[in-house]
Every structure is written in structure tokens, then in C-alpha cells.
Amino acid sequence: MADKTEYRSTLNLPRTEFPMKADLVRREPEFLAAWERAKLYEGMRAARRGAHRFILHDGPPYANGQSHLGHLLNNVLKDAVLRYKFLRGFDVPFIPGWDCHGQPIEHQYLKTAGLKPREVDPLALRKACAEFAMKFVRVQREQRKRVGAVGDWEHPYLTMDKALVATEIEAVGRLIREGYIFRGKKPVLWCSSCETALAENAVEYGPHVAPSVYVKFRVTAWPEAFRKAVGGAVAGRPADAVIWTTTPWTLPANVALAFNRKVTYDLVDTGEALLLLAADLAPGVLVLAGLKGTTVASVPGEALAGLKAAHPFLPRESVGILAEYVSLDAGTGIVHTAPGHGDEDYRSGVEYRLPVLAPVDERGRFTPEFSEFAGVHVFEANAPLIALLKAKGALLHEGVLEHSYPFCWRCKNPVIFRATEQWFIALDHKALKQRAAAAARAVAWTPEGGGERMGRMVDLRPDWCISRQRVWGTPIPVFYCTACGQVLATEESLGAVRDWVAEEGADVWWTRDAEALLPASTRCPGCGGRKFRKETDTLDVWFDSGVTHTSVVKAREDLHFPADLYLEAQDQFRGWFQSSLLTSVALNGQAPYKAVLVHGWVLDPQGDKMSKSVGNVVTLDDAVGKWGADVMRWWALAEESTADMRLSAEAMDRIQEAYRKLRNTLRFLLGNLADWAPEAAPTAAAYRTVDRVMRWRLARLVREATADLDRYAFHHACQKIHQFCVVDLSALYLDVLKDRLYASRAGDPGRRAAQAVLAEIFGALVRMLAPILPFTAEDAWAHAPAGLTGGRSLVQLTEWPVTAAGEDLAVTSARVDELRDAVHRALEAAKTAGTVAMPLESRVALAGTGDWAGWLAAAEPDLPELLVVSQVQLSAPPAGSFEAVTPAGTLRIGVSPPAGAKCGRCWLVKPEVGTVAGHADLCTRCAEAVG
């Protein structure tokens, strides 16, 4: 027998320059440069001119720092959606955007510069913030492009652009005219460090240690209903209504005591005075206070409405009111009510026409309105206030409690509720809250349940405070008469401001005085005055981005309203999803999006959310610089992004291994298609059982992956693609094909049939990977023979694969797997027993009951290749052979050494080896192949 290397040159071994080593970090920028030279985005638009447009409206990230893995996840998901939709035939205009205003930018700039707001001239601060924002727009734009994201990068939308601001001011004008926007004194979340009101979505909750005090309010007058219920049981006895609070600093603003009408309250005699407590909570309160007592009377809560009690340290009375939010979860069942320091308190205040007191300034210090503590910060006042309660004999018990408390998301300091004059959007006006909740529930959400979640959040939220005490932002375009203080916000005044901003930008609000901005004929509608001052507050940045459905989607000619998709992280339920919904329903009467895709957080290895403010982030540059964009794209898309995603060494090892398998699969396909040409397509008769099964499985893959991606289930599509490569290709088809591909003569019909299937698989696989791994797909496409690409230079400009339904081979496909599994187990047993050395040097005898008998007979010519053995004989195996019970019947399998000699070229054992003259060690097929 000749040396095995003698025939190597006669084999059809794989040939391709597609590198096994991806070298992504170095080579991906080369593809980016090539796409830029080819004007990929413009080419995508041109290729689909006239097609139905798919609009993914970009939720603008803050332009205040480096992109991190959360941004990477978001950008990759958006890009994958757009690339997929393009391949499916849609025109996909994509306008990237950035949120450039507000506290995040101003805070970050001042922090970097080491300055405080009062130390900078407003125009100088605005100029510095604009430059700061533009710096990071440029940085983040390049980072987004680095992960392969396509879009109109030269024409993004920026919330500080004068055209957008002008449209935003027009929207404000409409909302004012239609009664949605009003100015009022209401409690809002307030950061005394940043000296500004905060939106609900601008706070984060964390543990906070607070004082826990039980305070006595001496009852001065019982309501008539109480007297009727109790009779003379307490006549003339001193009594104290006891409240519990963790914010003693709010007691100076107390004006009421809230009871639940359905709760029973006890009057407990402790010897010195009666204590009024909820019956269910009274025993626990007495234990805390170290007291014993006897209940002398019980009354329903509704009998306590109108009660009068002396404030514990101020010369005024508090009134008894009823409120459903009073619970028995903790405390005393009586809630200290300060309408100036809480939303529920405020709503009770409105219902009972209570005064709204908030003797606290913008820095969180008591004002002269509470003269004894004027100038003291509220948190620093807790201890002396408790001492005052002790001195007044009003403190029943003192302790501490750790509980969840809101913190400013920027400075990380605890916030307060503080009633101030602010601008609000009234959510009950024209049933806005109800209409928005209904609109949210009608939207298609991924994952499901998002509409109900958003609906509940809108149902429960208070009026939206849209004013901020910042300089860097869109001005609230209203004026005040200097003579009478009346607000001026007419169609003419708002239109004039809009026009000035459209011409000169928002800085005009600071560069021109009120009279220069207003039409010359402007008069105060109240007193006829001609002098005005400008509002100094700016709009909430969530309003800036929230109205981009109008300032961008409706304004850009290439886009359409409503957008087909919004895609952001789950925090945007409180943020952009909600601000967009509320403003769109008010302005347009409908939700701004047809569908919403929500992804989770990116977590660090310890399972904590990655956050710039916490300092545990991995930057986009670091991740791509270490692993490459395509590996990170596979991480983003192959994991279940609708849940929280953890980045760890173990996860990245798994991701890289999966990527290598995909790449090696593409390399194997290309290597065996080096001499493929479409004109060499075989006849139908040349296709063997395994070829037909693989074409059927490929069609199934395309069908199922398409369904997954249509519903944005990228992780399911990725799993199916990966499984196809590992199981269907590597473990089955490519294993089976090697002999036919390598050892048959180049033009053999069976080899050409195999190549035709591989070409079909490559064409479908590379297109399915194009939205997911665009760099790798483009790399493989560039190395493909012209017959595979049709002369088209970029895979990104092709179409999604379409495969013919063909014959239904579900049963045959299942038989192939069942047969190979059973025979594999029989071969392993024979190897262990020493019967054969390896499967290729084996003879398999097969017999089957049930459906197997006919199936095996029909597939008999293909069985040696399918089982990767030298010989298969359909006959009764010898006694004691391996048996496998399958759904189709029982298989009996015998394994023995084959008859004949081993071919020196293909290594199969065949009886005819040596029968061809001049080729003593070759089988007939190999002798023909070498000539």
C-alpha cells in the first residue's frame, strides 16, 4: 500500500483564504472604512427606495460621558433590528439622537470644572454645556459606529438644535392653550444639593437610616359623631392622638391627622392620659413606649373626621381627616399630614382645602416662616426637633429605622418632598391619564405585559412637574407682568418666542429682554401693563426628549408617525417611554409608537447593575477593544436581552466559543465551495437522503429564525442558528460529507449535489448572520466565490434568505437522527469489546421492525455514508446484537469487521480494493478519481 501522503494532492481538500483567526479588533475598523467608502447607509436607502418604511425612533442617550455596556447592548439591538428589517425588504431610515440638555449635562460639566451653578454666568454656562455635550456627541457617535451601527450619522437630532427647541416651544404653547399645563404650588421631589425639582425617574431608591418617632397631638375638640359613639366615657379626660413618622423635619408643616374610615380606633387609658390608636396597632405601640393600658372606648375611623388637636410645638391646630391610604402596615393608624411635603398629603389637602405649608428653601434649609430653626438644614434639624418634642412632653417613643428612600440619581444625596411654585402637566385634564393608559395597553410590547405595566404606572402617577431650576435647557416660554404678576402665555407671545428661537437658538431667552422678545403691542391681559419679566425655569429634559415624536418623527420628511418601534432599557418605563406617551396622547391623541421592545440591565459579575455613577461600568471601548464588536454583538443578541444580562469571564468564554464555532462553520463551507459554480448544479436524482434532509432542515431554520426575529426574539434565532451549525452541520452533515467531498472526483454528481446544498446553506447562513455578526458575515461574503455572491459586493445589501418549502421530510429527518444515534451506540459498544478498532473500519448489519423495515430498504444505498462506516448490510444481525427501541419500531444492529481491504486514499474497507490494474491499494472510485 502506498504511503497515505501520496494521494493527498489528488483529494479535493478545502481551499479558502477566509482566516480561521478572526482578529476582530484589528480587522473590524477595515470593514467600517470599507462600508464608509461604499456609503453603506445611503446604499441601503437607495436599494429600498419606494419600499414600505420601518421607523425605529432612537431614544436619545445623554451626551455626558463615555458609552458603556448598557449603551452597547442598546445600540446593537437597534442595529440588528434595522439590518434585519432592511434584509426583509423595508426602507429603514434611522436618525440617531442625543439628549443634550438639563441636569445630567450641567451637573457633569460643573463637576468636571469644579464649579457651582451660582459661580458661572448663565450664558457662559450654556456655552460651556453646549461644548461639553457636543464633545460627547462626537465621542459616542464614533463608539456607536464602532459596534457596526448604521444610520444617518451626519444628520442626527440633538435636543439642543434650534429647530427642535422651536418645535418644542410650539408644543408647550399648544399644551398651555389646551389647558394641560398649569402653574401651581405642589410638593415635588427636590434635591437640595442640586437645588432643583426632580422627575420621578430622576431618583433612585436605596437604604436610608432615619429617626422613628411617635408623637402625641393633644386633642382639643372631639367631633359630634365621636361623642355620639362614645357617650360620656371620656368626658373631660385629656387625650392624645398618636402619629408615627420617620421625617420629624416635616412636623412644622403639619396641618392634619388622617384616619381610615374603615379602621377601628381605641382610646387606651395609660393612667395619665388617654391615647388614641388604631385598635390593631395599639398593643405594639404600648410595648414600644413601655406602657400598659386599658381600652375604655372604641370608635370607627369615620367618627374622627373633624377632630381638632393642638400642634405639639406650634400655636395652631390640626384637623382630623379621612384618607384611604392610611394603613395598618406600621405605625399607629393615624398619619401625620403635611400637604407641602407629600403627594398623598397634598391630595388630601386639596380635598379638605387645607393650607399648603413648606417652610423650606431651595437649599433644604428652614425659612424664617419657622423662625426657631431658620437656616438649619432639614436633615440636621431632626435631632433638635426630637429634643423639642421631649421638652414639650409630646414624644411618646424614639427609635431609628432603616428603610428605602429616594436619592438624587446625580449627586446621590437624599431628596425631600417640597411644595414650591412649579409648572405641571395636569394628568386629569381631558382624562389624559386614562387615555394614555388605554393607549399604552393597545401597543405591542416585548416582552408581553409592558402595556399593563405602563398603564398601571400612568394610572398611579401624580401630575408631571416639568419645570427645573437649571440654566442649561429649553426655557419655559412664559412671562410675568411686573405690575400684577399675572402669567402671559398667549398664542402671540409663544409664537414670538418660537420664531426667535428658530432664528437664533434658545440662547435668545438669555440674550434679549422680555420686551425685545414680545411683539410691541403686547399688554398684560389682567392690568394692561407693558413691562414683563421672563420665567427663569427650564423644561424637564424628559419633556425635551418626550416630544421628539413631534420635533423629529413628524418633522423629518423621511420618517412617519407613529414610529414602528421604540427600543430602550426597562428604566424608560418611568422615563422616555412614559414622557413620550403622555405628550403624544395630549398633542396627537395617540401613542407615539406602534411597538416597544424593552431590554434589561447589564450587570457586573456580582450581579449589580452597571452604572457610571456607581463606577462599576465596563466601557464600550474597553469591551470592543478586548473582544471585538462581533463577539460583543453575539453576547448582546444571543443572550436573553429582555432580562438582566451579566457580564462575567465565564459568560465571555462561552460567547467566544460559540463565535468560533460559527466562524469555523463558515470557513468549512467556503473551503468546500472553492470550485463551486451555479452552472454545475446537479440533477434531482443526484441528491442523497442526507442532502434532502439538510435542505429541509435549512428551510425549517430560516422559517423559524424569521418568526423569531419578526417578534424581536434575537436570542431564540441565535440559539437556533448556533444549534444548526453545531448539531445539523458539524455533527451530521459535514461529518457525513467529508468522504464524498474529498475523495470523489471533482465533477462527480454526488459531490456536486453536496456542494449545491452547501452553497444553499452558506447563502442562507451568511445572510441570517448579517444583522447579528455584520463584520464576520461581510468577511465571509468577501471570500466567497463569485458564483455564491452573484457579483454583489456587500452581503448587507442583499435580501433575507427564502427557501422553498419542498417535500415534507420531518419523518425522514427524525429517522436519520434515531438511526445514527442507535448505530453510534452499537459501534461504541463494539469498540469497547475490541470487535472493531474504529467506525470507518466497520461493517453494520441492520434489521428493523415496524416502520423501519421499509425505510431502511429505501435508504439502503445511502446508509454507509450516512453512518460513516465502510459497509452496511440489511440482514438479520447475529444473536446478542445491539437493540434500540425507537418510536418507529425496534432496531437490531450487529457490528463486525468488514470484508475486503482498506483503500489507501479514502480509507474505506471495500472488497474491490486492488481489482483495478495499476492501483493495487485503491478502490474503484478512487482509482477513477486519480486516473
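Colleague: How much space lies in the second largest cavity?
Modeller: This is a predicted model, and in it the second largest cavity holds about 130 Å³ of space.

Colleague: Which residues are closest to the centre of that second largest cavity?
Modeller: The closest are Gln103, Pro104, Arg468, Asp540 and Val541, out of 18 residues that line the second largest cavity.

Colleague: Which element has the largest share of that lining?
Modeller: That is β5, with three residues. At least two residues each come from α4 (103-113), β5 (196-198), β23 (538-539) and α16 (541-546).

Colleague: And by class, what is in the lining of the second largest cavity?
Modeller: The lining has 11 nonpolar, four polar and three charged residues.

Colleague: How many cavities of 30 Å³ or more does a search of the whole structure find?
Modeller: Six. The largest cavity has a volume of about 170 Å³.

Colleague: What lines the largest one?
Modeller: The largest cavity has 15 lining residues, and Val188, Glu200, Pro462, Asp463 and Cys465 lie nearest its centre. β4 gives the most to this lining, with four residues. Strands β4 (181-191), β16 (416-425) and β18 (464-465) each supply at least two.

Colleague: How do the residues of that lining divide by class?
Modeller: For the largest cavity there are 10 nonpolar and five charged residues, with no polar ones.

Colleague: In what order do the strands of the open sheet come?
Modeller: The order is β5-β4-β16-β18, four strands with antiparallel pairing. The edge strands are β5 and β18, and each of these pairs on one side only.

Colleague: What holds strands of a sheet together as pairs?
Modeller: In general, strands pair through backbone hydrogen bonds, and the pairing can be parallel or antiparallel.

Colleague: How many bridges join β16 to β18?
Modeller: Two, and β16 and β18 run antiparallel. Ile425 stands opposite Trp464, which is in β18.

Colleague: Helices now. At what angle do α20 and α23 pack?
Modeller: Helix α20 (residues 629-638) packs on helix α23 (residues 714-743) at about 115°, and their axes are 7 Å apart.

Colleague: Which residues meet there?
Modeller: From α20, Trp634, Leu637 and Ala638 meet Phe714, His715, Cys718, Gln719 and His722 of α23. By class, that contact has five nonpolar, three polar and no charged residues.

Colleague: On to the loops. Where is Pro447?
Modeller: Pro447 is in the loop between β17 (444-446) and α12 (450-460). The peptide bond from Thr446 to Pro447 is cis, with omega near 0°.

Colleague: What about Phe561 to Pro562, cis or trans?
Modeller: That peptide bond is cis, with omega near -5°. Pro562 sits in the loop between α17 (548-553) and β24 (563-569).

Colleague: What phi does Lys430 have?
Modeller: Lys430 has a positive phi of about 50°, although it is not a glycine. Its place is the loop between β16 and α11 (432-441).

Colleague: And what is the phi of Val868?
Modeller: Val868, also not a glycine, has a positive phi of about 55°. Val868 lies in the loop between α29 (863-867) and β29 (871-874).

Colleague: Last one: is Gly526 buried or exposed?
Modeller: Gly526 counts as exposed because its relative accessibility is 52%, and the cut-off is over 50%. Gly526 is in the loop between α15 (514-517) and β22 (532-534).

Key. Residues numbered from 1 in each chain as written. Predicted model: local features only at pLDDT ≥ 70, side-chain atom pairs only at ≥ 80, totals over all residues. Heavy atoms only, no water. 1 Å grid on protein atoms, 1.4 Å probe; cavity = no way out; pocket = protein on both sides within 12 Å on 5 of 7 lines; lining within 4 Å. Points joined across faces, edges and corners; volume = space filled by probe spheres on them. Nonpolar A, V, L, I, M, F, W, Y, C, P; charged D, E, K, R; others polar. Axes fitted to C-alpha atoms, helices over the stretch in contact; angles between N-to-C directions. Contact = heavy atoms within 4.5 Å. Pairing = 2+ DSSP bridges. Buried < 20%, exposed > 50% of the residue type's maximum accessible area, 1.4 Å probe, protein only.
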